[in-house]
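Subject: Structure handover

Hello,

Here is the structure I said I would pass on. My notes on it follow below.

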Amino acid sequence: MPAEASTRRTSPAPAPGSARPAEPPSPPLTERQEARRRRILHASAQLASRGGFDAVQMREVAESSQVALGTLYRYFPSKVHLLVATMQDQLERMHGTLRKKPPSGDTPAERVAETLMRAFRALQREPHLADAMVRALTFADRSVSPEVDQVSRQTTAIILDAMGLADPAPEQLSAVRVIEHTWHSALITWLSGRASIAQVRIDIETVCRLIDAPSAERA
């Protein structure tokens, strides 16, 4: 059997100002490898949906996705790697859905707030899965940085699409980062029972006003 590919198709570029050296791109997955990876992510999501973080056991994921346990570990070195990749996959699916029905707000702030609340409601429908993915993101150490970076990039892409800006200004990108932090924090507080949906909406709408602030200052 040929050696299996890594969990990502290309190595993410280092963040601006980062001291991390650039890595050569990983070879793209073959069609068969991509299909295998998708089965693994599907099995991970299914197990997490039923019982949360603790329900995702690597041996059960391997059995459900019909891959050898050793193969699974070559794709995803740990459960945290797997669940963070599952979150990126879920966000990518959400992004596709959102593109089919874009937000209708008049301003970038309104559109981003609507988009994030729609994404939040999608996660709300699968609370065990949401909890498992957020816990994995919280537990992630330096070894999971590439997968965490992919989650961040996917979230940024969702927000920028809602803004409708192909070339955002630096201060708008800074606002996007703050919005991402707030959205992640809102997920944690809601999952822990410390915030209601109404509180989450207020926090998201409040932080999204940062998007329009730079434009107003330059006007």
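Some ground rules. This is a predicted model, in which local features need pLDDT of at least 70 and side-chain atom pairs count only at pLDDT 80 or more, while totals for chains, interfaces and linings use all residues. Residues are numbered from 1 along each chain as its sequence is written, and side-chain values use heavy atoms, with hydrogens and water left out.

The protein chain has 9 helices and 0 strands. Here helices (H or I, at least four residues) and strands (E, at least two) are DSSP runs, numbered from the N terminus. Of the 219 residues in the chain, 45% are buried. Buried means under 20% relative accessible area, exposed means over 50%, and partly exposed is in between (1.4 Å probe, protein chains only).

Back to Gln154, which lies in helix α7 (residues 145–163). Gln154 counts as buried because its relative accessibility is 12%. Apart from neighbours within four places in sequence, Gln154 is in contact (heavy atoms within 4.5 Å) with Gln88, Leu91, Glu92 and His95. Met94 is 60 residues from Gln154 in sequence, and their C-alpha atoms are 10.0 Å apart.

How many aromatic pairs does a search of the whole structure find? There are 3. Rings of Phe, Tyr and Trp (its six-membered ring) pair if their centres lie within 6.5 Å; planes under 30 degrees apart count as stacked, over 60 as edge-to-face and the rest as tilted. The pair of Phe53 and Phe139 is edge-to-face, because the ring centres are 5.4 Å apart and the planes are at 85°. Phe53 is in the loop between α1 (31–51) and α2 (58–65) and Phe139 is in helix α6 (residues 127–139), so this pair ties together parts 86 residues apart in sequence. Phe53 is buried at 10% relative accessible area, whereas Phe139 is partly exposed at 46%.

Phe120 and Trp190 also form an edge-to-face pair, with 5.1 Å between centres and 65° between planes. Phe120 belongs to helix α5 (residues 108–124) and Trp190 to helix α8 (residues 170–191), 70 residues apart. Both residues, Phe120 and Trp190, are buried.

Regards
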